[in-house]
Amino acid sequence: MILHEKISAQLPAWRERIKSLAKEHADVVVDHVTVGQVVGGMRDIKSLLTDVSYVDPAHGILFRGMPIPEVLKKLPKARGNKIPLVGGFYYLLMIGELPTKEQAEEVEAEWAKRSEVPDHVYKMLKAMPKETHPMTLFSQAVLALQGRSVFASRYHSMKKDAYWEAALEDALDLTAKLPIIAAYIYRMKYFGETKKLKYNPKLDYGANFSKMMGVADRKGYAELARLYFILHSDHESGNVSAHTMHLVGSALSDPYLSFSAALNGLAGPLHGLANQECLGWLLDVYKQFGGVPSRDDLYKFAWDTLNSGHVIPGYGHAVLRVPDPRYMAQLEFAKARFPQDDLIRLAEMVFDVVPTVLKEQGKAKNPAPNVDAISGTLQYYYGVRDFDFYTVLFGVGRALGVTCNYVWARALGQPLERPKSLTTKMLEDVVAKASQPAQ
Ligand code: CMX
């Protein structure tokens, strides 16, 4: 298939580049590590390698070097739609080149062929207690597919050079099944529906997802689904979900094991769970003031949140230092389609007021909105109002980026990840030594 051919063609040159770096330049210093970084979550230490995406602190995410507006403009679209085909975007992430419409459709067709979810996954999901969090169900469903891993089944018979081909098979099989799995979790958990879902090969990834979700405005929601999956796909390699996928994959655990682990990281409140908290915060404002409040009331509400010891969800970022372009793309999507919606007007007002409040407080390094500040609001507009489901949507998108990274990590022979740790005493000794006057 097309992705296989294209990667094969690119591989010799990539392998040469990595070999040269590893063999001829291994001692060149890239970065230095401070005590603050060791005790502070390894923040900003330059120690991961990926070509799939890069987060520029001053501009935001670049997918294969392309900013979001360019991605949305240049990638092929299904007739009558404004948001690109997810299949074409996957091609871009995997291959690093813009696909033609035929190439995008080839990936879409590949997904349709591989989309069927085996019976035991449905049975397992149905057997879980009603109160199980949808992210737990999602992660379990991915794990339940692990028995189908081509990578795991070929592991003992294939050479290292061929790992990536098995990984690509798993990447396509896994991403193909996620719309059904996510939509099934939604229909089962919130509507008690347990009928198996079917992927329609005549529809693309986004349209299939929209149809299976059963939202009223199927066409509008298909556009949102495409946008949402594209925007949430990748954010370089250091964020918790991408890093988890990379770390677990570095042990040669197959893509199912690795992605299930990544989802467990995504389920954390400081990562993917934040989107549900953001919408909750907006709705709290809306409820408290019986509608969109005045700027002054919102200003006070934001300060009350901070004074009560809470963060303002959806604002701030570990790397970005500007408004997140993923936030901007979603805001533009909403303003082009439903500018008068109360929650969108409120989200815009929050964008105006909260950065001022955070700047006055003087703690957050970036007082601007991140991707999560508005994503739930858009789902809410289309009638998907079960907050705890939102991270599942994030997970479907995130699979696109992390599986590309997994395939390339195997293709380029990335080794087992194993940083070194110190004890507190050792770190104190480092500090004591550094503070001694030079002899
Ligand atoms: N509201 C209140 N305080 C905030 C804040 C916010 N939105 N963002 C940062 N701060 C505070 C931090 O809590 C920290 O306080 P302490 O020094 O008391 O610990 C201080 O400002 C410095 O933090 P930072 O270096 O600017 O930010 P971090 O890299 O530590 O954290 C993030 C980044 C996203 C976790 C943080 O901004 C935050 O908690 N935001 C709200 C939750 C959120 O939106 N999460 C989604 C992130 C996107 C994603 O990964 O999905």
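Predicted model: local features only at pLDDT ≥ 70, side-chain atom pairs only at ≥ 80, totals over all residues.
Modeller: Residues are numbered from 1 along each chain as its sequence is written, and side-chain values use heavy atoms, with hydrogens and water left out.

Colleague: How many helices and strands does the chain have?

Modeller: Helices (H or I, at least four residues) and strands (E, at least two) are DSSP runs, numbered from the N terminus. Under that definition, the chain has 20 helices and 3 strands.

Colleague: What is the radius of gyration of the chain?

Modeller: The radius is taken over C-alpha atoms, and the globule rule is 2.2 Å times the number of residues to the power 0.38. For 439 residues the rule gives 22 Å, and the chain is close to this, so it is as compact as a globular protein of that length. The radius of gyration of the chain is 22 Å.

Colleague: What percentage of the residues in the chain is buried?

Modeller: Buried means under 20% relative accessible area, exposed over 50%, and partly exposed in between (1.4 Å probe, protein chains only). Of the 439 residues in the chain, the buried share is 51%.

Colleague: How many aromatic pairs are there?

Modeller: Rings of Phe, Tyr and Trp (its six-membered ring) pair if their centres lie within 6.5 Å; planes under 30 degrees apart count as stacked, over 60 as edge-to-face and the rest as tilted. The count by this rule is 24 aromatic pairs.

Colleague: Which kind of pair do F63 and F89 form?

Modeller: Their ring centres are 5.1 Å apart and their planes stand at 90°, so the pair is edge-to-face. F63 belongs to strand 2 (residues 60-63) and F89 to helix 4 (residues 86-95), so the pair ties together parts 26 residues apart in sequence. F63 is buried at 0% relative accessibility, and F89 is buried with a relative accessible area of 0%. The kind of pair is edge-to-face.

Colleague: Which helices do Y122 and Y184 lie in?

Modeller: Y122 and Y184 form an edge-to-face pair, 4.7 Å centre to centre with 80° between the planes. Both residues are buried. The pair ties together parts 62 residues apart in sequence, because Y122 lies in helix 6 (residues 119-127) and Y184 in helix 9 (residues 163-191).

Colleague: Over the ring of which residue does the charged end of R337 sit?

Modeller: A charge sits over a ring if NZ of Lys or CZ of Arg is within 6 Å of the ring centre and within 35 degrees of the ring normal. The charged end of R337 lies 3.8 Å from the centre of the ring of F333.
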